[in-house]
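Dear colleague,

Please find below the structure that I am handing over to you, followed by an account of what was found in it.

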Amino acid sequence: MVYQLYRNTALGNSLQVSLDELIQSFLNMYRFCDNLWTFVLNDVEFREVTELIKVDEAKIVDCDGKNTGSNTTE
């Protein structure tokens with residue numbers, strides 16, 4: 001699998017630490033069905049360079065772009 005290529009790099013390790021922190025602190029619910037991930041987070045902060053937005057709950061939906069049924073070829 002492609003994700004294994006960067007798993008033992010600094011980027012992969014940082015991502016793993018961030019995900020572990022997310023799961024322990026803010027993750028209320030997650031689900032994976034039909035190549036679609038859904039995450040519901042509590043007490044979330046979105047940060048831009050000069051802005052900070054705090055929300056009580058955020059829902060993130062992610063899908064696998066390779067299985068969208070488009071007509072592109074590899």
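Strand β2 is joined to strand β3 by a hairpin of four residues; strands here are DSSP runs of E with at least two residues, and helices are runs of H or I with at least four, numbered from the N terminus. The model is a predicted one, in which local features need pLDDT of at least 70 and side-chain atom pairs count only at pLDDT 80 or more, while totals for chains, interfaces and linings use all residues. Residues are numbered from 1 along each chain as its sequence is written, and side-chain values use heavy atoms, with hydrogens and water left out.

β2 (residues 36-47) and β3 (residues 52-63) run antiparallel and are joined by 11 bridges; two strands pair if DSSP finds at least two bridges between them. W37 has D62 in β3 as its bridge partner. R31 is opposite T38 of β2. The hairpin of β1 and β2 has two residues between the strands, and D34 there takes a positive phi near 55°.

The aromatic residues come next. Rings of Phe, Tyr and Trp (its six-membered ring) pair if their centres lie within 6.5 Å, and the planes count as stacked under 30 degrees apart, edge-to-face over 60 and tilted for the rest. Three aromatic pairs are counted by this rule. The pair of W37 and F39 is stacked, because the ring centres are 5.6 Å apart and the planes lie at 10°. Ring pairs link Y30, F32, W37 and F39 into a cluster.

How accessible is F39? F39 is partly exposed at a relative accessible area of 24%, where buried means under 20%, exposed over 50% and partly exposed in between (1.4 Å probe, protein chains only). W37, at 32%, and F32 of strand β1, at 46%, are also partly exposed.

Y30, F32 and W37 make a nonpolar surface patch of about 340 Å². Areas follow the Shrake-Rupley method with a 1.4 Å probe.

Finally, an unreviewed UniProt entry annotates residues 27-65 as "domain: Transcription initiation factor IIA gamma subunit C-terminal"; such annotations may be inferred rather than shown by experiment. That span is 0% helix and 79% strand, and its end C-alpha atoms lie 24 Å apart.

With kind regards

Note on methods: Patches are made of residues with over 30% relative accessible area and no salt bridge: like charges are joined within 9 Å, nonpolar side chains (Val, Leu, Ile, Met, Phe, Trp, Tyr) within 5 Å. A salt bridge is a side-chain nitrogen of Lys or Arg within 4 Å of a carboxyl oxygen of Asp or Glu.
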